[in-house]
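Here are my notes on this model. Please read them with the coordinates open.

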Amino acid sequence: LCSSPNQSLWRHFICDGDGEWIRRGLRLGSLMIVHDGSYIKEVDPTVCLAGFLIYYRTSRCWAKGPVAERTDSADNYRAEILGALMIQLVLRTALGSHLPSARTVSISCDNKGVVSHGNAPARSLPDKQAQADVLRCFKRYLLDNQQSHRLDAEFFWVASHQDDQKKWEHLTLEEKINVVVYGLAKDVLLAS
């Protein structure tokens, strides 16, 4: 990631160790990946952010980061898609030139539209699709990871803001991580 062309994407990215554990977690199928978006029109109607986290259950290593975009097209849906894009970039980088045996990685988010598009990357976008520009990039990254790295992504919906309804100890790990990545995105939005 340090040698990728757009370094501003990784300014706030934090990763345990050198990230080799991401490749190992992909190979063993023990990564938990969650992303979430944030958009607060009252703070700035032209900015949306996403937070993402990759967790390796075996070693308890994690990598996380936010991404922000200023655009007149900013909204919560765009923020959710940005989180999905960032995950695909991290996975592509982790795989590098290594060709694992065919693997499927599970990714959770709280937006059913992103889940639907993520599970059907080859499906064409309908006319007048909201946020079509970032959705095309997202689908292209998914297809590239499938073709170049034999990595399929399976997206799952996770309920958002479950910490408003349940005690922390009653949340699933996916729900806890969703709360963390939402907080990461929201904190960066408010701080910026």
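**Notes on side-chain contacts**

1. Arg-57 touches Ser-30, Leu-31 and Met-32, leaving aside residues up to four places away in sequence. Contact here means heavy atoms within 4.5 Å. The side chain of Arg-57 reaches the backbone oxygen of Leu-31 at 3.4 Å. Arg-57 sits in the loop between strand 3 and strand 4 (61-70). Helices (H or I, at least four residues) and strands (E, at least two) are DSSP runs, numbered from the N terminus.

2. On provenance: this is a predicted model, where local features need pLDDT of at least 70, side-chain atom pairs count only at pLDDT 80 or more, and totals for chains, interfaces and linings use all residues. Residues are numbered from 1 along each chain as its sequence is written, and side-chain values use heavy atoms, with hydrogens and water left out.

3. Arg-57 is partly exposed, at a relative accessible area of 41%. The classes are buried under 20%, exposed over 50% and partly exposed in between (1.4 Å probe, protein chains only). Arg-57 and Glu-175 are 118 residues apart in sequence and 15 Å apart in space, C-alpha to C-alpha.

4. Now the rings. Rings of Phe, Tyr and Trp (its six-membered ring) pair if their centres lie within 6.5 Å; planes under 30 degrees apart are stacked, over 60 edge-to-face, the rest tilted. This rule gives four aromatic pairs. One of them, Trp-10 with Phe-13, is edge-to-face, at 5.5 Å between centres and 80° between planes. Trp-10 is buried, at 10% relative accessible area. Ring pairs join Trp-10, Phe-13 and Phe-52 into a cluster.

5. Why is the pair of Trp-21 and Tyr-56 stacked? The ring centres are 6.3 Å apart and the planes lie at 10°, so the pair counts as stacked. The pair links distant parts of the chain: Trp-21 is in helix 1 (residues 20-28) and Tyr-56 in strand 3 (residues 47-56), 35 residues apart. Trp-21 is buried at 3%. Tyr-56 is buried too, at 2%.

6. Lys-112 lies over the face of Trp-157, 4.7 Å from the ring centre. The criterion is NZ of Lys or CZ of Arg within 6 Å of the ring centre and within 35 degrees of the ring normal.

7. Asn-145 belongs to helix 4 (residues 132-149). Asn-145 is buried, at 1% relative accessibility. The side chain of Asn-145 makes a polar contact with the side chain of Gln-88 at 2.8 Å. A polar contact is a pair of N or O atoms within 3.5 Å; within protein, one must be able to donate a hydrogen and the other to accept it, and residues adjacent in sequence count only if both atoms are side-chain atoms.
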